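Morning, everyone. Please have the sequence and the model open while I talk. I'll go helix by helix.

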Amino acid sequence: MPTPHADRGPHDLRARVVGRALADHRTQAGLTLQHIAAAYGASPATISRIENARTSITPTNLATLLGIYRIPAPERTRLLSIARPQPLPGWWTTTPTDHTSTLTQLHADAHTITTYGPHHLPPHLYPNAHPIKLNTNTYTAYLHETALRTATFAQLDHLLNLTATPRLILRTIPRHLPPISDATTAYHIHTHHPVIHLASLSLSALIDHPTHTRAHLDTLDQLADHALTPTTTTQLITQIRNARSRR
């Protein structure tokens, strides 16, 4: 039977990632909750709670489940890595590529996304990025003027196209104000605490413990007091792009 894991409580982000992967693989394999429960020695309700992150399991018990779910070795290794205890509760730190699929899912689950690019444009706003789906959420991007002035012509042109997107709000932090944090994104999800993503070139951290997310959420809130309006931001992007085209 699964036993609670001290590092991961119900609705913990990593438990949700593991649970969703289990449910997806079970469906793809044509297995039912009853099949998994019988092989694991638990009730179907317990398996359902694991898949929905309403209970946690130890990495040892997860390893047993991964075999029952018929999950291939590379994916099994990935999920076991996710389930290992982290040094700080509520933190999940790894390399940027290891968070790619989770960030994609967070983007789909969130009703509100707020991001801050202090030195570079957020990856979501690159011309070759996956299209931002805004049918159910609102996306606000605070871009430091330094990031705009170092962007390429193609990036600036893409930003101008994005300004016409409903529910997408671009605002600029003037360059006379120094950057106040690392690249930060907040995902607000109806059924979960807000999730913070901190990114650098070599490190990616996802934080979902309220004690640790509060300061980052406050920082993003404070940006609204200093940022240029969306209209002024569009004018600034146009000015920078036009100047770039004349070079």
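First, a term: buried means under 20% relative accessible area, exposed means over 50%, and partly exposed is in between, using a 1.4 Å probe and protein chains only. Now the ground rules. This is a predicted model, where local features need pLDDT of at least 70, side-chain atom pairs count only at pLDDT 80 or more, and totals for chains, interfaces and linings use all residues. Residues are numbered from 1 along each chain as its sequence is written, and side-chain values use heavy atoms, with hydrogens and water left out.

Start with Thr233. Is Thr233 buried or exposed? Its relative accessible area is 1%, so Thr233 is buried. It sits in helix H10. Helices here are DSSP runs of H or I with at least four residues, strands are runs of E with at least two, and both are numbered from the N terminus. Which residues does Thr233 touch, leaving aside neighbours within four places in sequence? Leu170, Arg171, Thr172 and Leu228. Contact means heavy atoms within 4.5 Å.

Now all of H10, residues 230–245. The expected span of a helix is 1.5 Å times one less than its number of residues. For the 16 residues of H10 that gives 22 Å, and the end C-alpha atoms are 22 Å apart, so the two agree. Besides Thr233, the buried residues of H10 include Leu236, Ile237, Ile240 and Arg244. Seen down the axis, the buried residues of H10 fall within an arc of 100°, so they line one face. That arc is taken from the directions from the helix axis to the C-beta atoms. Here is the general rule: an α-helix has 3.6 residues a turn, so residues three or four places apart point the same way. On the other side of H10, Thr231 and Gln235 are exposed.

What covers the buried residues of H10? The cover includes helix H7 (145–149), helix H8 (153–162) and strand E4. Take H8. H8 and H10 pack at about 150°, with axes 9 Å apart. Axes are lines fitted to C-alpha atoms, for helices over the stretch in contact, and angles run from 0 to 180 degrees between N-to-C directions. Under 35 degrees counts as roughly parallel, over 145 as roughly antiparallel, 65 to 115 as roughly perpendicular, and the rest as oblique. H8 and H10 are therefore roughly antiparallel. On the H8 side, the contact includes Phe153, Leu156 and Leu160. On the H10 side, it includes Ile237, Ile240 and Arg244.

Next, helix H9, residues 210–226. By the 1.5 Å rule its 17 residues should span 24 Å, and its end C-alpha atoms are 25 Å apart, which agrees. Thr213, Leu217, Leu220 and Leu223 are buried in H9. They too fall within an arc of 100°, so they line one face of H9. Thr211 and Asp225 are exposed, on the face turned away from the buried side. Strands cover the buried residues of H9, among them E2 (112–117), E3 (138–144) and E7.

With 31% relative accessibility, His209 counts as partly exposed.

Last, H2 (residues 33–40) and H4 (residues 59–68). They pack at about 130°, with axes 10 Å apart. H2 and H4 are therefore oblique to each other. Ile36, Ala39 and Tyr40 of H2 meet Asn61, Thr64, Leu65 and Ile68 of H4. Thanks, everyone.
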